[in-house]
Amino acid sequence: MSTLDSAATPLNVLVVDDDVDGADTLAVLLSLHGHSVRVARNGEEALRHTAIELPDVILLDLRMAGIDGCEVARRIRSQSHEAKPPLLVAITGCDQDSDRQLSAEAGIHLHLLKPVDPILLSELLEQHRSQRCNGAVAAAVAQH
Ligand SMILES: [Mg+2]
């Protein structure tokens, strides 16, 4: 299968990074895979987006001025209440064990290093998409 095949069910993805070029490159790549992508340049902008609508996946730089990535993750988790929180993926240069621990404590599901392998990222999103679809089918079956 070509890496540019459209995703069967596009995900809403929010890319949060103060590195403009990095964020835009990732956004283009994910768009080519058929996902619907928004970009936020900092934590404040990310929270403005998520207050309106929670995306399926948030790709999160950790080191940002103002509200950093871990704080964004904590606030988004508290915003989502009973709703299933988005898949939170750190995409970062922070590679110390202590960085990984901080991101886990903030509720970030995956900690990936820059530069992220686009194929790996795409596979992770696809896995998330199919798990979500299977979950929806299981819920529908459980109701009958
Ligand atoms: Mg940064």
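This is a predicted model: local features need pLDDT of at least 70, side-chain atom pairs count only at pLDDT 80 or more; totals for chains, interfaces and linings use all residues.
Biologist: What is the order of elements in the protein from the N terminus on?

Modeller: The elements run β-α-β-α-β-α-β-α-β-α, and the protein has five helices and five strands.

Biologist: What makes α2 roughly parallel to α3?

Modeller: The axes of α2 (residues 43-52) and α3 (residues 69-80) cross at roughly 15° and come within 10 Å. Angles under 35 degrees count as roughly parallel, and therefore α2 is called roughly parallel to α3.

Biologist: Is the crossing of α2 and α3 left-handed or right-handed?

Modeller: The crossing of these two helices is right-handed.

Biologist: Which residues make the contact of α2 with α3?

Modeller: From α2 they are G43, A46, L47, T50 and A51, and from α3 they are E71, V72, R75, I76 and Q79.

Biologist: How many residues of this contact are nonpolar, polar and charged?

Modeller: The contact has five nonpolar, three polar and two charged residues. Gly counts as polar by the convention used here, and G43 of α2 takes part in the contact.

Biologist: How are the five strands arranged in the sheet?

Modeller: They form an open sheet in the order β2-β1-β3-β4-β5, with parallel pairing. In general, strands of a sheet pair through backbone hydrogen bonds, either parallel or antiparallel.

Biologist: Why are β2 and β5 called edge strands?

Modeller: Strand β2 (36-40) and strand β5 (110-113) each pair on one side only. On average, neighbouring strands of this sheet are turned by 20° against each other, direction ignored.

Biologist: How do you know that β1 and β3 pair?

Modeller: Two strands pair if there are at least two bridges between them. Strand β1 (residues 12-16) and strand β3 (residues 57-60) are joined over four bridges in the parallel sense, so the pair meets the requirement of at least two. Within this pairing, V15 has L59 of β3 as its bridge partner.

Biologist: Which strands does helix α1 touch?

Modeller: Helix α1 (residues 20-32) packs on the sheet and touches β1, β2 and β3.

Biologist: What share of the 144 residues in the protein is buried?

Modeller: Buried residues make up 29% of them. A residue is called buried if 20 or more other C-beta atoms lie within 10 Å of its own.

Key:
Residues are numbered from 1 along each chain as its sequence is written. Axes are lines fitted to C-alpha atoms, for helices over the stretch in contact, and angles run from 0 to 180 degrees between N-to-C directions. Angles under 35 degrees count as roughly parallel, over 145 as roughly antiparallel, 65 to 115 as roughly perpendicular and the rest as oblique. A crossing is left-handed if the near helix is turned anticlockwise from the far one by less than a right angle, and right-handed if clockwise. Two residues are in contact if their C-beta atoms, placed from the backbone, lie within 7 Å. A residue is buried if 20 or more other C-beta atoms lie within 10 Å of its own, exposed if 12 or fewer, and partly exposed in between; C-beta atoms are placed from the backbone.
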